[in-house]
Amino acid sequence: MNSEIVNRIKIQQDDITTLAVDAIVNAANTSLLGGGGVDGAIHRKAGPELLSECRKIGGCPTGEARITKGYKLKAKYIIHTVGPVYRKGGNSPELLQNCYENSLRLAVENNIKTIAFPAISCGVYGYPIQEACEIAIHTTIRFLTDHPSIQQVIFVLFSREYLDVYMDYFTSYSKNG
Ligand code: AR6
């Protein structure tokens, strides 16, 4: 793979709510009114004004994305996307791919240059990490190839185990893809 693209992708173990990037992505639900996991952590850190802005948006269908301000976070924006609840043999792969594409599209439209993604759908929504990782990386690389304005995409994993899955796949993809 093109080394210019490789350099625009970073993978790290971290708490996404601490990052000073233009936008962090939230793994939300269709209500956009908060929940557990990364969604809960983002709402707690950003403060109650985030919930007020989310109420005005009025929800978001699975696979789509909406943008709000970052409020008390270091990130300027939050892009809220709704991952699929994993169902084997269903349309979960397409929906998860839409989450990455629509989030990145919103980033371009809002002049966002640096964006961090959690492992969307890989917690409560039960998506197997290996399959989700392949969709996340493949979709992002394809998007970055066509959209030079995005300088950095960071994949943020909470656990060492998930970090290793992403690192291994990205390394083999970089060599062979
Ligand atoms: N930073 C980075 N990653 C995190 C953080 C964090 N602070 N906290 C959790 N993760 P989940 P989903 C990881 O369940 O599967 C919510 O209730 C976590 O370890 O947050 O898309 C929403 O409201 C996992 O690998 O999101 C929805 O109802 C990944 O983030 C539902 O959960 C995603 O786990 C969405 O479920």
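In this predicted model, Cys133 counts as buried, at 0% relative accessibility. The sulfur of Cys133 lies 8.6 Å from the closest cysteine sulfur, that of Cys122, which is too far for a bond. A disulfide requires the two sulfur atoms to be within 2.5 Å. The structure accordingly holds 0 disulfides. Cys122 is in no disulfide either, with the sulfur of Cys133 as its nearest cysteine sulfur. Cys122 has 8% relative accessibility and is therefore also buried.

Cys60 is a further buried cysteine, at 2% relative accessibility. Cys60 sits in the loop between helix 3 (48-57) and strand 3 (65-69). Its C-alpha is 7.0 Å from that of Val82, although the two residues are 22 apart in sequence.

The largest nonpolar core contains 39 residues. Ile79, Ile115, Phe117, Phe155 and Tyr166 touch the most other members. Helix 5 gives the most, with 9 residues.

Aromatic contacts were examined next. The structure holds 5 aromatic pairs. One of them joins Phe155 and Tyr166, whose ring centres are 5.5 Å apart. The planes of these two rings meet at 50°, so the pair is tilted. This pair links distant parts of the chain, 11 residues apart. Phe155 belongs to strand 6 (residues 152-157), and Tyr166 to helix 6 (residues 160-176). Both Phe155 and Tyr166 are buried. Together with Tyr100 and Phe117, they form one aromatic cluster. Phe117, Phe155 and Tyr166 are also among the core residues that touch the most other members.

The largest pocket has a volume of about 600 Å³. Its lining comprises 26 residues. Ala27, Gly37, Val38, Ala119 and Gly123 lie nearest the pocket centre. Strand 2 (23-28), helix 2 (37-46) and strand 6 each supply at least two lining residues. The largest share, 4 residues, comes from helix 2. By class, the lining has 15 nonpolar, 8 polar and 3 charged residues.

Backbone geometry was then considered. Most residues other than glycine have a negative phi. Tyr71 has a positive phi of about 50°, although it is not a glycine. Tyr71 is located in the loop between strand 3 and strand 4 (77-82). At 25% relative accessibility, Tyr71 counts as partly exposed. Asn111 likewise has a positive phi, near 60°, and is a residue other than glycine. Asn111 is placed in the loop between helix 4 and strand 5. With a relative accessible area of 53%, Asn111 is exposed.

Conventions:
Residues are numbered from 1 along each chain as its sequence is written. This is a predicted model: local features need pLDDT of at least 70, side-chain atom pairs count only at pLDDT 80 or more; totals for chains, interfaces and linings use all residues. Side-chain values use heavy atoms; hydrogens and water are left out. Buried means under 20% relative accessible area, exposed over 50%, partly exposed in between (1.4 Å probe, protein chains only). Rings of Phe, Tyr and Trp (its six-membered ring) pair if their centres lie within 6.5 Å; planes under 30 degrees apart count as stacked, over 60 as edge-to-face and the rest as tilted. On a 1 Å grid over the protein atoms alone, a cavity is a set of points where a 1.4 Å probe fits but cannot get out, and a pocket is an open set with protein on both sides within 12 Å along at least five of seven lines; lining residues have an atom within 4 Å of a point. Grid points are joined across faces, edges and corners, and a volume is the space filled by probe spheres set on the points. Ala, Val, Leu, Ile, Met, Phe, Trp, Tyr, Cys and Pro count as nonpolar, Asp, Glu, Lys and Arg as charged, and the others, Gly among them, as polar. A nonpolar core is a set of buried Ala, Val, Leu, Ile, Met, Phe, Trp, Tyr and Cys residues joined through side-chain atoms within 4.5 Å.
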